[in-house]
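Please read them with the model open.

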Amino acid sequence: MAPVTFLEAIKQAMFEEMERDPAVVLLGEDVGVYGGAFKTSEGLLERFGWERVIDTPISESAIIGAACGMSYLGLRPIAEMQFIDFIVCAFNQITNFVAKGHYLWGAPAPMVIRGPSGGGVRGGPFHSANPEMYFVHTPGLKIIYPSTPYDAKGLLKAAVRDNNPVLFFEHKFLYRRIKEELPAEEYTVPIGKAVVRRPGKHLTILSYAAMMHTSLEAAENLAKEGIEAEVIDLRTLLPLDEETILQSVKKTNRVLVVHEDTKTGGIAGEIAAILCEKAFGDLDGPVLRVTGLDTPVPYAPTLEDAFLPSAQKVFAAARELARY
Amino acid sequence: MKIELTRQQHLDLYYYMRLNRAVEDTMGKLFRQNKIVGGLYASLGQEAISVGTAYALEKKDWLAPMIRNIGALLTKGVPPRDIFTQHMAKYTSPTFGKDGTSHFGDLENLHIVSPISMLGDLIPVMAGVALAGRYLGQKIVAMTWIGDGGSSTGVFHEGLNFAASQKAPFVLILENNQWAYSTPVRKQVPLADLADRAKAYGIASYIVDGNDVAAVYSTAKEAVERARAGEGPILIEAKTMRMRGHAQHDPAEYVPPEMFEYWKKRDPIARHEKFLLDEKLLDAKGKAEIEKKIETLLEKDREFAENSPLPPPELAAEGVYCEGCHAPKPKWERPIAEVTPPRCSVEAVWQVEGFGRGKDVGLATTPLHFEAAPAAKPAKAAAKRPARKPAKAAAKGKRR
Ligand SMILES: Cc1ncc(C[n+]2csc(CCOP(=O)(O)OP(=O)(O)O)c2C)c(N)n1
Ligand SMILES: [Mg+2]
């Protein structure tokens with residue numbers, strides 16, 4: 001089997017789930033005739049028809065609200081945000097309606113909200129967002145942010161089958177820049193499980209999405225200097241796989257968190273707090289962070305590159321940490 | 001269309017309005033005894049709307065109440081004890097004390113979606129319920145309510161426009177009680193009739209006297225059946241008056257007293273009762289029987305609620321996720337084959353030759369947002385055929 005892109009993996013996941021279960025429907029802006037702004041739903045309308053692939057008006061609250069209503073009748077809607085930046089237009093629907101339903105009145109909302117996120121593609125301040133933390137702060141949601149085509153496919157399929165509302169972030173920098181061979185047979189990837197991408201013993205780098213690859217690049221360079229970094233892909237941000245993190249820290253005693261999201265209120269801070277609470281004795285040095293700047297994502301290539309974490313920045317921080 | 005009501009229907013409407021008012025009277029007493037947790041909202045004077053509209057629904061239909069729609073819940077079959085326990089935050093309430101007021105639902109039997117406090121949010125949700133019902137072949141109608149104030153939220157517009165664009169079997173009742181908290185309707189909306197909002201979405205609308213329960217019912221019934229028949233969403237403006245403050249704490253001093261006096265004479269229950277007595281559909285004995293029935297029922301349910309415990313503190317940490325406690329399953333009432341390939345498949349008559357759609361399976365070259373343009377294809381391939389296929393082929397994949 002030929003290797004496939006991240007985009008193709010997303011498409012395969014939706015195609016297979018819709019094929020498997022007629023309760024699965026897709027709705028969003030330009031998802032039907034056009035196949036989605038990033039072509040992740042190309043061909044789905046032809047295959048599944050107008051009732052299951054629904055082009056909507058430009059109304060994010062209505063898309064999320066309607067998907068929630070559909071889920072109450074046992075459907076499993078996938079709601080696409082054309083760019084994940086626009087998810088905040090539906091912030092209230094997601095955080096107050098969708099997320100709280102099961103806790104408050106026992107109404108599960110088996111729905112997926114997905115869309116292209118992240119920077120590095122010169123999309124500017126309104127097409128490059130990483131809004132995951134607005135939602136990690138919301139009990140009731142599950143939040144996935146994969147870094148490989150294999151995971152993207154397996155986790156999206158798991159998200160569709162989950163009885164809870166799942167936010168699924170697709171880093172658009174990865175859409176066509178990485179390829180991977182996928183198994184011919186059906187598979188899912190469990191939600192809530194991190195994975196060790198590269199074993200190491202001197203320090204742990206925790207990351208996800210596009211920064212996963214940046215971290216791996218830095219780890220290669222660190223290895224040349226004799227520093228063996230263990231690189232962990234968080235994959236799911238909520239619920240967070242504390243066990244895998246804590247296990248790694250026991251071994252390496254040093255932690256660096258790398259994410260593209262801005263620094264203040266990013267998940268690195270949360271992880272640092274968890275480590276203080278649960279692994280203080282295991283730590284030989286401070287928990288360090290390499291993250292996006294605390295600014296909007298700027299437009300000019302020089303500015304965006306300055307905003308984004310890079311393999312060099314990760315390398316430098318890791319080397320500093322290794323000295324402890 | 002004039003819908004003639006049977007005697008039984010008239011009596012049912014009367015019963016549920018009386019029940020609605022008696023439940024709220026009881027809660028008023030409980031409130032004064034400090035037994036209600038949080039605020040208490042009254043629908044005094046608006047009972048005909050909650051009851052008349054919900055009475056137009058069938059058992060299989062779905063509704064989602066707002067806080068002043070206790071009457072709709074009772075009419076749909078919710079027992080008064082659920083209303084009492086909810087307001088008293090008891091462990092025996094439908095939400096086990098996790099939420100109050102009319103904030104509870106029942107997906108399995110009564111088909112009720114719980115509201116949240118944010119006004120308007122139910123509108124797209126109920127549009128989704130309506131669409132799912134249609135998709136599953138259930139022939140249901142979804143109904144919810146909104147106030148004159150709530151009709152200015154963004155999500156009211158998004159939801160109703162979306163429902164209209166999908167021709168969803170959805171009925172929205174706009175309860176114009178002339179006040180949103182302290183703000184009169186003329187300061188909120190530059191329209192004489194809020195029903196005119198429907199024009200913006202190209203949907204049908206009605207205006208009805210919200211204090212005439214038979215009129216409310218027959219209007220709602222007609223709207224529900226039109227929506228069920230596939231005519232799309234319908235907006236009903238029911239004109240009425242909020243006869244109390246926004247909630248128990250609010251003496252509503254900003255309302256001109258003449259206004260209360262005017263509307264007091266139009267009380268929906270007194271009005272319907274006079275009609276029933278005049279038409280000899282009800283006599284003093286029948287009336288006393290109804291009153292006795294309600295009194296007994298409420299006495300029992302109030303006692304149950306008062307004697308119920310508050311939830312145990314451990315419950316606070318439970319239930320954020322569904323961890324196998326529910327098994328959401330659609331109830332199909334049409335052949336699944338209709339919505340699975342090959343029957344649901346459509347021909348892509350919208351394809352533009354040379355655009356790459358459908359051919360570029362690896363998605364390696366399709367032009368994408370923020371990506372460098374792929375190498376241009378030879379121009380003559382695109383020129384050879386017309387961009388769209390002839391009309392004959394188009395018929396198969398026709399849009400709804
Ligand atoms: C989106 C939103 N903003 C503000 C509020 C606070 N609030 C609750 S009820 C209310 C007035 C509502 O007026 P209306 O919609 O006319 O309903 P009524 O109280 O008259 O039944 C306000 C401002 C709210 N619940 N939701
Ligand atoms: Mg009002």
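1. Start with helix 1 (residues 7-32) and helix 2 (residues 47-54) of chain B: their axes come within 9 Å and cross at roughly 135 degrees. Helix 1 of chain B is therefore oblique to helix 2 of chain B. Angles under 35 degrees count as roughly parallel, over 145 as roughly antiparallel, 65 to 115 as roughly perpendicular, and the rest as oblique. Axes are lines fitted to C-alpha atoms, for helices over the stretch in contact, with angles from 0 to 180 degrees between N-to-C directions. The crossing of these two chain B helices is right-handed; that is, the near helix is turned clockwise from the far one by less than a right angle. Helices (H or I, at least four residues) and strands (E, at least two) are DSSP runs, numbered from the N terminus.

2. The model is predicted: local features need pLDDT of at least 70, side-chain atom pairs count only at pLDDT 80 or more, and totals for chains, interfaces and linings use all residues. Residues are numbered from 1 along each chain as its sequence is written, chains are lettered from A and ligands numbered from 1 in the order written, and side-chain values use heavy atoms, without hydrogens and water.

3. In chain A, look at helix 1 (residues 6-20) and helix 7 (residues 149-161). They pack at about 30 degrees, with axes 8 Å apart. So helix 1 of chain A is roughly parallel to helix 7 of chain A. Their crossing is right-handed.

4. A backbone N or O atom of B:Gly150 sits 2.7 Å from a ligand oxygen. For B:Trp179, a polar backbone atom is 2.8 Å from an oxygen of ligand 1. B:Ser117 has a polar backbone atom 2.9 Å from a ligand nitrogen. The protein buries 67% of the 580 Å² that ligand 1 exposes when taken alone (Shrake-Rupley method, 1.4 Å probe).

5. Check the backbone too. Most peptide bonds are trans. The bond from A:Leu238 to A:Pro239 is cis, with omega near -5 degrees. B:Pro341 and B:Pro342 are also joined by a cis bond, omega about 5 degrees.

Technical notes: Polar contact = N/O pair within 3.5 Å; in protein donor to acceptor, adjacent residues only side chain to side chain.
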